[in-house]
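This short report describes one protein model. Please look at the sequence and the 3D view before reading on.

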Amino acid sequence: MPVILSGPALYEFSFQPLTHYTNKMEQDNRRNFLKTTGAAIAAGFPSLIRGQATNAIKVGLVGCGGRGTGAASQAMKADDYAELTAVADVYQDRVDTCLESLGKINGAKVKVDPKNVFLGLDAYQKLIDSGVDVVILATPPGFRPAHLRACIEAGKHVFCEKPIAVDAFGVRDVLETAKLAKQKNVALVSGFCWRYSNYIVATFDQIQSGAIGDIVAYYATYYTSPVKPMPPAKDRPAGMSDVEWQIKNWYNFQWLCGDSLVEQAVHSADKIAWSQNDKPPISCVAVGGRQIPAEDGNIYDHFEVNYLYPNNVRAVLGCRQIENCWNENADYILGTKGACTIGRSPMPKITGAKEWTFEGQKYDMYQYEHDMMFQSIRKGQPINNGERMATSTLLAMMGRMAAYTGREVTWDQALNSQERIFPEKLDWNGSMPVAPLPRPGVNKLI
Amino acid sequence: MLYSFLLLVAAVNFEDKIAPVLIDRCVPCHNSVKAMGSVRLTTSIAVSRVVTPGEPEKSALYTSIESGKMPPNDPKLTKDQREAIREWIKEGAKWPPGIALEGTRLPAVERAFVSRLRDKIAANKASPASNMALIPEGDFVMGSMRRKDEQPPHKVHIDSFYMDKYETTWDQYRLFMFAKEEGVDAVSRPTRPYVEMSFGMGIEGFPAISMTQHAANKYAEWLSQKTGQFYRLPTEAEWEYACRAGTTTAYSFGDDVKQLVNYAYYAANSGGKYQKVGSKLPNPWGMYDMHGNVMEWTLDQYSTDFYAHSPAANPWNQAAKPYPHAVRGGSWQDAAEMLTCSARVASDPSWKEQDPQLPKSVWYETDAQGLGFRLVRPLKLPSAEEMYKYWNSGVEKDN
C-alpha cells in the first residue's frame, strides 16, 4: 500500500491544460525520486516514481460491478492522493456492495458523498459533472462509446475497460474520441491488460526482436466454462422491463456485450494484433454457433476465426464457453526460426533457434495499468491507448461478423459496417425485442 | 463475532430468529446475483435500504411480509416469524458486524449441518478408500536447525491416521467445483472461475492447484458428505510426520540432494509445470510427491513461535486470522531447499493479487500455481464441534 502523506496541497491541480504545471512537477519528481511503492519492489519491478504532488486526484467509477470495483481500488492504490469521490450505476445495491468492499481495502480514500452517488442510465453524465478528474468506465461494453465520448469531451482522464464497443458505429466513434483525447491531452488507458503484463510484454519484445524469425501463423485459444449464464425466464420479476432485464443479464445479449468473442476472447484478438504490430488483417472467415439453450439471450457459445494477414500469414482464434470440455487459454506463435507458446505453462516459452523463457516475477498487471496511467497524468504526458483498443476490438468484431453471416469479411468491410447493434435510444422502462440467434448464410453482411 | 451475538441475546436473537428466515425465504431471490427488485438482504448496508430501524411500519421489509406480498411463494411466513422481524426492527435492526448471509453459512447453521453429517458418518461402517495409506501412531522430532522458522526441533506425538497417497487431482477436485447440488444440505462450493485454472498444465491425473485453504476445507467437507467418511486437511505436524515417514534426514530418502530427481518434481526437473501425481518414487510409508510437484495446504496458522510452546501431542495451531497459513512440501517452481521435510511456507494475500474483481474470490489463489493439497482421515472420529473447526478456519473472510 502506498504511504499517504499529509500536508497542504502544493498547488492547485488542474487537468487541462496540464503542461502549465510540468516544470513544477518535475522539480517535485526529483525531490521525491526515492519514494517508491513497496508493492512494486515486492513484485520485482523497477520502482515507480510516485507521489510527487499532494493534490488529490478525484476518481469517479461508472459501473460498480466486480471489475469496476477492482479497478477503482487499483486506481486509489496507484497514486498517494487518488481518491474515489463519485460512483454511478443503475442499481443502489451494486453501489452499496462496491463501497463496502472498497471501504475495507482503500479506507479513507473512499470519499463518496451520498450526493455523488448517481443512479440510472444517465448517471455517467452526472458523475462527469460532479467534478471528478479521472473516470473509470466499467459498465457493459455497449454503453462504452457514448460514455467515453462524454468523458473526453468534458476533459476527463479515462480508464476504459475492454472491449470498447459492440458494433462498428461504436468503434468509429471511439476512434474519433481517441483523437480528441490526444488533442485535449488527457489520458485514455485501456483495460487490455496483457499490454501491461511484464512477462507478456517481455515475450512480445522477444518476438518483435526476431527470436522466432518472421511470424507465419498464430493460434490462440480461449476455451472456458460459461461466463454469466442466462437465468430461466421464470426468474424475471413481474413488471421488469425488457431493457432492465437484459441489462441485468447483460452478458447474454449482443447489444450489451458484443457476444462472447468480442467480450472475452477479445484478449486473444488483442495479442494477435500485438504480434502483427497492430496492423490490420486483410480478411477473415469464421464459424460459430450455440449449443447451450439460449434462454432468450442471443450470443453464441463458440467461434473459430481464421484471419488472413499480408504474406499469407494466418491467425486462428478459437473460443468456447461450454462446460466439461477441454479448457485452455493459450497462444501458439509459429515463426520461421522457432515457436513461442504462451499459456501452456505459467511462463511463456520460446523454442527453436533461440531458447527463451521468462524468468523473474510476474507483477500484477491490473495494478500496473493504473500505476502507469496516474504516473502519466502526473507527468503531464498522458498515455493514449485509444486507437489500439478500438482496432483490437474491431479485430474480434470482424470475426463475429464473419461467423454470423458465413461470409468472408475484409477489414474495410468491418470498419465500415453499417450494422447497428447498440440502440440509438434507450429507455429503462422500454421494450427490447431480442434478435434471434444469427444464422450463417441467412444473416446479411451489413 | 461471537461477542456481538451475545450482545443480542437479550433482544431478538439475530442468528437464531432473523438470519435463518432471511436465508431460507428471502436470500434465494435477494442475493448478490439475482437481487430481485434491486433488493439484497445479505449485508447490513443492503438491508438498510428496506429497513428503518425502530420503525417496522415504515420498513418495506416488514410491510411487504406483513401484507403477504413477500415471500411470493407459499408458505407465507408464520406469525412468530413476522413478529420476530417486527421486534428486531423495533429494537434497532441490529446486524452483527461482518456478517453476510451468502457465500458461507452462518456459524449456527453450519454447526447444525456438521452435527447431522457427523451422525451419518458415525453410522457408516465402511472402510476407507484404498488410495490412502495408514500412518502409524508414533513420536518424531518436528522441525530442524536448517532455517529459523523450523526451530526449535521438538518432540511430537501423533495419533494414527489415514492419508492420501497422492495429491488431490483435478479429476477429483473438479467433481466438487462443478457439482450441482442445491438446498440447505449442500456444502458451499466454488464460484465458476473466469480463467482456465490448470493454466494449460493438464487435467487428467494432474494435481489440482490454486485453491484457497477455505476451498480445500470445503472440498473435505463435501467429500465427507459424499462418502460418509470424515476427511480434513492434515495439521502441519501430521504432514511433517507423514513426510518424514520415520526418517530424520532433510528428505525422506536421506540428505543427498542428487537423489531428489528420483522422488520429486521441482524447479530443476519439472519443465516449468506440475506433473502427474505418483510418477516418482514414494517415501517409506508409500506417500508420493510429499516433496515437490505441488506444495500442500495444512490446517495450521503459520507462526514462527508456535514450535517453542507446541503441545506435545497432536499439535494444531488453530487459525485466528486468514493469513498466513502453513503450506508444506515445496512445488515444481521451487529450489531443492524448499522441498525438505521441515521447510515451511506462509500463505500470502499476493497469491490472489491478479483476481481482477472485487471482492476477490474466496475460492481461488490465481497466482499460486504450485499450490495444492491432500487429505487425511483420523482413526478416531472427532466431535461435531471439532469437525466444525477443521472445516471452518476463518479464511473465507479474507477480503
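How do the residues of the lining of the second largest pocket divide into nonpolar, polar and charged? They divide into 17 nonpolar, five polar and three charged. Here Ala, Val, Leu, Ile, Met, Phe, Trp, Tyr, Cys and Pro count as nonpolar, Asp, Glu, Lys and Arg as charged, and the others, Gly among them, as polar.

This is a predicted model, in which local features need pLDDT of at least 70 and side-chain atom pairs count only at pLDDT 80 or more, while totals for chains, interfaces and linings use all residues. Residues are numbered from 1 along each chain as its sequence is written, chains are lettered from A and ligands numbered from 1 in the order in which they are written, and side-chain values use heavy atoms, with hydrogens and water left out.

**The pocket**

The second largest pocket has a volume of about 690 Å³. A pocket is an open set of points on a 1 Å grid over the protein atoms alone, where a 1.4 Å probe fits, with protein on both sides within 12 Å along at least five of seven lines; lining residues have an atom within 4 Å of a point. The volume is the space filled by probe spheres set on the points. Of the 25 lining residues, Cys29(B), His30(B), Met36(B), Met70(B) and Pro72(B) are the closest to the centre of this pocket. H4(B) gives the largest share of the lining, four residues. Helices (H or I, at least four residues) and strands (E, at least two) are DSSP runs, numbered from the N terminus.

**Asn13(B)**

Asn13(B) lies in the loop between helix H1 (2-8) and H2 of chain B. Is Asn13(B) buried or exposed? Asn13(B) is buried, with a relative accessible area of 19%; buried means under 20%, exposed over 50%, and partly exposed in between (1.4 Å probe, protein chains only). Two distances from its side chain follow.

| Side chain | Backbone nitrogen | Distance |
|---|---|---|
| Asn13(B) | Glu15(B) | 2.9 Å |
| Asn13(B) | Asp16(B) | 2.9 Å |

**The sheet and the chain**

An open sheet of four strands in chain B has the order E7-E6-E5-E8, with mixed pairing. Two strands pair if DSSP finds at least two bridges between them. The edge strands, E7 (344-346) and E8 (371-372) of chain B, each pair on one side only.

Chain B comes to 11 helices and nine strands. Its C-alpha trace spans about 75 × 45 × 40 Å along the principal axes of chain B. Of the 399 residues in chain B, 57% are buried.

Notes. Polar contact = N/O pair within 3.5 Å; in protein donor to acceptor, adjacent residues only side chain to side chain.
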